[in-house]
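Q: Please take a close look at one part of this model, with the cut-offs behind each term.

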Amino acid sequence: MAMVSIKDVAAHAGVSPGTVSNVLNRPGKVAPATRERVEAAISELGFVRHGSASTLRAGHSRTIGLSVIDIGNPFFTEVAAGVEDVASELGYAVILGNSAGSPDKEDRNLRVLSEHRVRGVLITPSGEDPARLDRLREHGISVVLVDHPAHRPDQCAVAVDDVAGGRAAVAHLLAGGAREIACITGPLTIRQCVERREGAKEALRGAGLDPAGLRVVEAVTMTARAGEKAAAELLAGPLPEAVFCANDLLALGVLRALLRAGVRVPEDVALIGYDDIDFAAASTVSLSSMRQPTYQLGRIATELLLDECDNPDTHAHQHIMFQPELVARESTQ
């Protein structure tokens, strides 16, 4: 059976081939009634666009890349949902890459995205080296930072104030009467971990306490299993009165280990996490956490990226910084 062409779709819908092309590539420029007629013709005829041919003509594809540091973390799953929803609404597909916090793996993923001629890249970088992102821009690929602030004016970024989040989390523990506080963080090569720990120290300073008294345990990964191992370190010595974890997965692992050891939460040890993933509210002892607008991070970052791609002459770079929100539950009350 012969392949259906754009001309076939145009004839079936009673429009020009140029209008069909606009529906495929710039749907916003086509009147809704006309767009619906063309889309109906595409569906009825079973038209499939020749992706590689259109990519060669345009110099880029109808795809964007999303690079995250841990797709196993529900935080990034929710971010990806926001990205995919906007991309789908605007006729784009998303290629997902997981760096696992490795700059080398991130480099390989970005190289693949460049080879696929993606229109743009959304990235939570695994390090602070800007060179890899500059290489993308040199190839005409727009870049927007997700959950990471920008340090240059010609760069869009959507992030959350992690210093403020760490400060609010520990201030909440202090308000509950705790003075001996532990901080279980992920690798300190991750910016978010560093800033959340710094916020915790600021809260101690604000309360007139020595920030050096913060007992820091650095987990190798930010998983529930790593949280259990970190809790074992706490259980081996004098228990703190409260624990602040750099994300909810760590906190859920700590909670499991404490309860297994017969430690009551929050009566013996108060506990707070970060991200407010769905599991936080459903845990055996519901987990207090710092809520981030994860889905909105993904949506807004994608809107900024595609605006930069489609309107390079009028696009205004934005640095958007959200404030996290304290959600107090049983683990600190």
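What volume does the second largest pocket have?

A: The model is predicted, so local features need pLDDT of at least 70 and side-chain atom pairs count only at pLDDT 80 or more, while totals for chains, interfaces and linings use all residues. Residues are numbered from 1 along each chain as its sequence is written, and side-chain values use heavy atoms, with hydrogens and water left out.

The second largest pocket has a volume of about 290 Å³. A pocket here is an open set of points on a 1 Å grid over the protein atoms alone, where a 1.4 Å probe fits, with protein on both sides within 12 Å along at least five of seven lines; lining residues have an atom within 4 Å of a point. The volume is the space filled by probe spheres set on the points, which are joined across faces, edges and corners.

Of the 21 lining residues, Ile69, Asp70, Phe76, Ile190 and Met222 are the closest to the centre of this pocket. Helices α5 (74-89) and α9 (191-206) are the elements that give two or more residues to the lining, and α9 has the largest share, 3 residues. Helices are DSSP runs of H or I, at least four residues, numbered from the N terminus. The lining divides into 9 nonpolar, 8 polar and 4 charged residues, where Ala, Val, Leu, Ile, Met, Phe, Trp, Tyr, Cys and Pro count as nonpolar, Asp, Glu, Lys and Arg as charged, and the others, Gly among them, as polar.

Phe76 is buried, as is Phe75; buried means under 20% relative accessible area (1.4 Å probe, protein chains only).

Notes:
Buried < 20%, exposed > 50% of the residue type's maximum accessible area, 1.4 Å probe, protein only.
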